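Thank you all for coming; I would like to walk you slowly through one structure this morning.

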Amino acid sequence: MKRLTASVLTAGLLAAAIPAAPVQARTLELAFMPPQIQPQHVCGPASRESKEDDLEIEGGDAELNDRVRARYLRRDIQRLQARSPDASFDFIQTLISRLAIVDPDFAGSDELIARIQLYVDAGRFDALHQAGLVGQLRQMADAMTNNDKLQLSQFYLNGIGVDPDPDFALGLIRDAAFDGNANALLSLARMELQGTPVPGWDAPLDLTVTMAFGGILGQLNRTVCKRAERIAQEYLNGEIVSPNPGISYAWYKFAADMGSANAAWRVVEFHLAADAVEKDNRIMIEYLRLAVERGITLDQGQFDQIKSSGAATEEELLDILGYNHSNDDGRNRPSIAPYLQMAVNIDGERADDDSFYMDYLRELTQLDTAPGWVFTRLAKETLVRRGRWAGEPEAMALFEEATLRGDPEGQQLLGLKLVRWRDDPVKLNRAIDLLTDTVTRYGMMASMDHLDGIYRCKAPDAPLLREADLWAENYRASEHETVGVSATDLIALDPFKEPLTIAQIQTQALGGRIQSLAHYVQRVQVSDWASARADRLWAARLDRSDQALEAFAELEFELATNPAERRLAIELFRRVYLNNGVTTALDLAIALVEDNAKKPEIAEEILDLLTRAGNRGEGAAIRLKSRLLADTVPAYEVFQEYEDEIEARGDFLALMFAIPFVSAEKAADYFDRAVSLMACGTKDVEELGDAHAIRMDPRMSFHWRQVGLAIEGGHVLSKLRLSDRQMEAFNEGAAPTELEVYQRLLAEGKTSAHRSLFRLTANPDLETYDPDAAAQHMLALLGQGAAGDRSWVLSTFRRADEDVRALISEQFDMTDLYLKASQSGDVAAKFEFGLLLRDTARAPSDLANSARWLREAAEAGNADAMAEFGYALAYGIGVQKNVKEAIQWLEHAATTGNRRAEDLVSLLRLSVVR
């Protein structure tokens, strides 16, 4: 260990380390706390004015430079490798070459590693071996950084692109660790936690992780904030150290005190998401002020060119947040909100016409090898920036080129655009041919729904039911359609009554479908089976999608069951608006109208939100604003306010709003635009019928009534509160019960089903209660002799029903099992044995033994044991009463987030003089 640097050792002394859990533990319980240092601005620029970031100067005079190009290139490389590494292999190679040109620091080993990783992601392992890239990388080892050496070690450790050489690989990791490299130290810790320690590294696990974190922290220079934030993230991820939001918060607060705008906003986010007992509005405002002063920079890996970051004052943010005090009194539903890491993206009142990203995309389109998706993405950006109608000519040309280059999405969007000219048989037929081709050639199932809509609603001679019904039947068979379920039905779905529905929602959520993702996260957060790890995983998925966050916030608002939950839902909605920008303005305005529109300042805020959304051509916002102001402002004046926006970018409802106020020629054009955008459902059909009636056109009004009669499932008013899904489920046959499912799994040889069967048969509150069967299931697990089964039995037996425990004890000596496991050093067994002895004590010796085992478990680092042993000391249960020592143990447990310890230590401090 002689090569460890002094800075690492010094940083290690700052840690308050709890001893390591045993090797078989998944994570290490370690409280590595930030150093106690007076706040000082060591990270980043001194103020917003001195901050320079080209990515945030949308619409400015600055030109696209290599630094910005490099960021876009990295993002596209990462995105393409995640989505289609094999299909996009050649183009990704081109992007890597361009990145090496615009970023000289990337050229060399980083470039070579990127190419190797591309081969790996594409599954081209034989080609990688033949190319000899890993061997070339090994020749550069002497000049590589320790982090690059770790990448090289993984290739040789796993035999990727080269014959395996574990000794060489482990030597690289070990050498990097001796140099104090934090990533190497974490790799060693991870391998030890997985039960495969590296020979030649004999430092205790807790010391290894402490040194790793000390190495990450390093010196107090301009990059210390990002390094502190990484430690904070480790305590959120819970991959090496046990998850601990409290310690994570402490590190974010430390980074904020050192000058990080991002960390300051994370402190604000913590208090926004915290329960009332943990929320401190004074601290929240203090760090909000710091975040605003520093510009509240969005993570550069997630920036979106449509958004502007940090363009808000403290007062503006407070107005948006509404200064809501989290009030969780009476809250009935758990929430994943604390796991969300939303940012601040305040859009201007109007959209910019251009962006650096569009310049970057135009450069890519000049490449002969540019794939079709580049043209499609540029076309979509053009429609968003300039307006779906103002940017249409340029976008159409780009969609045409994308189609020629084989991009399915571009071809689909071109087909949908051509529907606007539905009165031209040539263009309409081409639209149908393009969409049909995306189904038959590319398997784009959504195009079947679009074809159904053309034949059923959009064609001039619709409804053409023979063709429409064919596509509708095929689309239903694909099971691609988003599962339709109300918010209340969603969380009441029983996995053993409606397994297919839940499976479809989960599958669509995993596929990134917006509404299904929001639906499934709702189910995860209220479920009994979901762990904190599952909450974090799904919250991260939700965080990556602005639309899914918005849909989730809508569900939270709808599912609020009391005033406290409604306040929390509004607060979440405001945070989502801060994260998303104007795309969420309309939905937030609607929520505020429902919640408290009587309040003058809220009413003013609603109008501001509707104005911002209306400037983006959102017809629902324009119509709602008109209706709210109907007593004082004529609808025509509202139309005049948004006339240009409707012409350039108006959506379906915006066009419908404008129809009564435009000339006959323009109205005809607006009707064609609206039909191309409509959803083929009774709502949009009724809108079109009403609009023609307003224009005194009985023939077309009757036409849309005829179309409405052909909508699948009938009129929405005819559904008797039942959804199509519920109607289709009638008399289709019941799914097997939970007990039957696990019995079938057991019969098929899945012995892990014994655990679930024990849960069902050991609970006297369930209809399936059967103590004899429960005893047999636990005995079967003991008979298998697996270590995992034994650990499960040791943690479950103590909580089982008394009759079940008695039946098991008649056939198996459970006390002997606990004793042997405890004597073997199993910390979890010591904890469980200590509590079992306390619960079943018949003599003072049982309580004394209980305290002894709890002490041993506590000394071994078990946080729950610390809390229970502290409790025993506080009240003299099996051990001499010692309140001061009890407080010490409880405080130790409290640092790991143990709520029982926190409550007990607060109570005991009142009764002792320190």
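**Aromatic pairs**

The count of aromatic pairs comes to 24, where rings of Phe, Tyr and Trp (for Trp, its six-membered ring) pair if their centres lie within 6.5 Å, and the planes count as stacked when under 30 degrees apart, as edge-to-face when over 60, and as tilted for the rest. Before I go further, please keep in mind that this is a predicted model, in which local features need pLDDT of at least 70 and side-chain atom pairs count only at pLDDT 80 or more, while totals for chains, interfaces and linings use all residues. Residues are numbered from 1 along each chain as its sequence is written, and side-chain values use heavy atoms, with hydrogens and water left out.

One of the pairs is formed by Tyr-72 and Tyr-357, which are tilted, with 5.0 Å centre to centre and 45° between the planes. This pair links distant parts of the chain, since Tyr-72 sits in helix H2 (residues 66-83) and Tyr-357 in helix H16 (residues 356-365), 285 residues apart. When I say helix, I mean a DSSP run of H or I with at least four residues, whereas a strand is a run of E with at least two, and both are numbered from the N terminus. Are these two tyrosines buried or exposed? Tyr-72 counts as buried at 0% relative accessibility, and Tyr-357 is buried too, with a relative accessible area of 1%; buried here means under 20% relative accessible area, exposed means over 50%, and partly exposed lies in between (1.4 Å probe, protein chains only).

Another pair, Tyr-156 with Phe-168, is edge-to-face, at 5.0 Å centre to centre and with 80° between the planes. Tyr-156 lies in helix H7 (residues 146-158) and Phe-168 in helix H8 (residues 166-178), so this pair ties together parts that are 12 residues apart in sequence. Both Tyr-156 and Phe-168 are buried. Ring pairs also link Phe-32, Phe-213, Tyr-235, Trp-251 and Phe-254 into a cluster.

**The whole chain**

Stepping back, the secondary structure of the protein comes to 48 helices and 0 strands, and buried residues make up 51% of its 914 residues. Among contacts between residues at least 6 apart in sequence, 62% join residues at least 24 apart, with contact meaning heavy atoms within 4.5 Å.

Just after H10 comes Gly-218, which takes a positive phi of about 60°.

Helix H40 (residues 771-784) packs against helix H41 (residues 787-797) at an angle of about 145°, with their axes 8 Å apart; the axes are lines fitted to C-alpha atoms, for helices over the stretch in contact, and angles run from 0 to 180 degrees between N-to-C directions. On the H40 side the contact is made by Met-778, Leu-781, Leu-782 and Gln-784, and on the H41 side by Asp-789, Trp-792, Val-793, Thr-796 and Phe-797. Among the buried residues of H40 are Pro-771, His-777, Met-778, Leu-781 and Leu-782. What covers the buried residues of H40 includes H41, together with helix H38 (738-747), helix H39 (753-762), helix H42 (802-811) and helix H43 (814-823). H40 is then followed by Gly-785, whose phi is positive, near 75°.

**Backbone exceptions**

Most residues other than glycine have a negative phi, and most peptide bonds are trans.

Glu-479 has a positive phi of about 55° although it is not a glycine; Glu-479 is found in the loop between H22 and helix H23 (487-492), and is partly exposed, with a relative accessible area of 46%. Met-696 likewise has a positive phi, near 60°, in a residue other than glycine. Met-696 is found in the loop between helix H35 (682-694) and helix H36 (698-709), and is exposed, with a relative accessible area of 71%.
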